[in-house]
Amino acid sequence: MNSKLILSVVAAAALLAGCGAPSNVRNDPTYDEAAASKFVALNKEAINKLVAEFDRGPSGDMPVLVATIVNVNDMRRTAPLGRTLSEQYASNMAAAGFNVKEMKLRGDVFIREETGELMLSREIKDIARSHNASMVLVGTYSPAANFTYVSLKFVRTADSRIIRGYDYALPNDKDVTRMLQAQSGR
C-alpha cells in the first residue's frame, strides 16, 4: 500500500512539474516562413487574376490609382489590413506593367491621417482628373467569423463604370485578425 501511495505521489508531482514549468522556447517566425507568406501570395494572385488578359484599350499606359481598401460596413473607415492590401495591390500592378501613380507623393491630394487615400465615389473623378488617371482600383473588405471577404473593382473614371472585378477571402488567422483590430479614420 505504501508503494502505491509513493508511486501516485511521484506521478502527480511529475505531472504538476510539467504543467507548471514556464516555457523559455520562443517560436518566432523565420525569414523563410515570411518569404513564403500565403497572405502576400494570395493578394498577388488576386491582382494577377484581376489583370489577366486585361485589354487596356485606348487608355494604354494612362495612370491608374489605387484607393485604400475600406470596411464595407463603413466606407469612411479602414484598418491596417485595408492599407496593407492597397500597398500590395499597387506594387503588384506596377510589376504587371501598369502605370500606377503613388498619391502619397503628391501634395495636392488630401490624405486623411491614419487612413490612407480613401476614395469615395464623389471624390474619384476629381482626384483621377488631377492625376490624369483613366482607372481607379477600389475595394472593400468584410470581416466575418472565419474569413474576411475582399472585393476589388477597376472603375473607369470617365463614367464610373466597373470594368472588371475580383472577389476572394482571407482566413482570419492571427495576422489578419490583428490588422483588422486597429480601426482608424472617421
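Visitor: Which residues does Thr140 touch, if I skip those up to four places away in sequence?
Guide: Leaving out residues up to four places away, Thr140 touches Ile69, Val70, Val72, Met75, Tyr149, Val150 and Ser151. A contact means heavy atoms within 4.5 Å.

Visitor: What kind of model is this, and how are residues numbered?
Guide: This is a predicted model, in which local features need pLDDT of at least 70, side-chain atom pairs count only at pLDDT 80 or more, and totals for chains, interfaces and linings use all residues. Residues are numbered from 1 along each chain as its sequence is written, and side-chain values use heavy atoms, with hydrogens and water left out.

Visitor: Back to Thr140. Where is it, and is it buried or exposed?
Guide: Thr140 sits in strand E3. With a relative accessible area of 15%, Thr140 is buried. Buried means under 20% relative accessible area, exposed means over 50%, and partly exposed is in between, using a 1.4 Å probe and protein chains only.

Visitor: How many helices and strands are there?
Guide: The chain has six helices and five strands. Both are DSSP runs numbered from the N terminus: helices are H or I with at least four residues, strands are E with at least two. From the N terminus on, the order is α-α-α-β-β-α-α-β-β-β-α.

Visitor: And what share of the chain is buried?
Guide: Of the 186 residues in the chain, 34% are buried. As for contacts with a separation of 6 or more, 66% of them are between residues 24 or more positions apart.

Visitor: Let's take helix H4. Which of its residues are buried?
Guide: Leu81, Gly82, Leu85, Ser86, Gln88, Tyr89, Ala90, Asn92 and Met93 are buried in H4. The buried residues of H4 pack against helix H3 (38–51), strands E1 (64–66), E3 (135–143), E4 (147–156) and E5 (162–171), and H6.

Visitor: How do H4 and H6 cross?
Guide: The axes of H4 (residues 80–95) and H6 (residues 174–181) come within 6 Å and cross at roughly 110°. That makes H4 roughly perpendicular to H6. Angles of 65 to 115 degrees count as roughly perpendicular, under 35 as roughly parallel, over 145 as roughly antiparallel and the rest as oblique. The axes are lines fitted to C-alpha atoms, for helices over the stretch in contact, and the angles run from 0 to 180 degrees between N-to-C directions.

Visitor: Which residues meet there?
Guide: Pro80, Leu81 and Thr84 in H4 meet Val176, Met179 and Leu180 in H6. The residues of this contact divide into five nonpolar, one polar and no charged. Ala, Val, Leu, Ile, Met, Phe, Trp, Tyr, Cys and Pro count as nonpolar, Asp, Glu, Lys and Arg as charged, and the others, Gly among them, as polar.

Visitor: What span should H4 have?
Guide: At 1.5 Å a residue, the 16 residues of H4 should span 22 Å, and its end C-alpha atoms are 23 Å apart, which agrees. The expected span is 1.5 Å times one less than the number of residues. Just after H4, Gly97 takes a positive phi of about 100°.

Visitor: Which residues other than glycine have a positive phi?
Guide: Among them are Glu53, with phi near 55°, and Ser160, with phi near 60°. Most residues other than glycine have a negative phi. Glu53 lies in the loop between H3 and E1, and at 80% relative accessibility Glu53 counts as exposed. Ser160 is in the loop between E4 and E5, where Ser160 is partly exposed with a relative accessible area of 43%.

Visitor: New topic. How many salt bridges?
Guide: The structure holds two. A salt bridge is a side-chain nitrogen of Lys or Arg within 4 Å of a carboxyl oxygen of Asp or Glu. Glu45 pairs with Lys49, their closest N and O atoms being 3.0 Å apart. Arg156 pairs with Asp159, with 2.7 Å between the closest N and O atoms.

Visitor: Where are Glu45 and Lys49?
Guide: Both lie in helix H3, four residues apart, about one turn of the helix. An α-helix has 3.6 residues a turn, so residues three or four places apart point the same way. Glu45 counts as partly exposed at 35% relative accessibility, and Lys49 as partly exposed at 42%.
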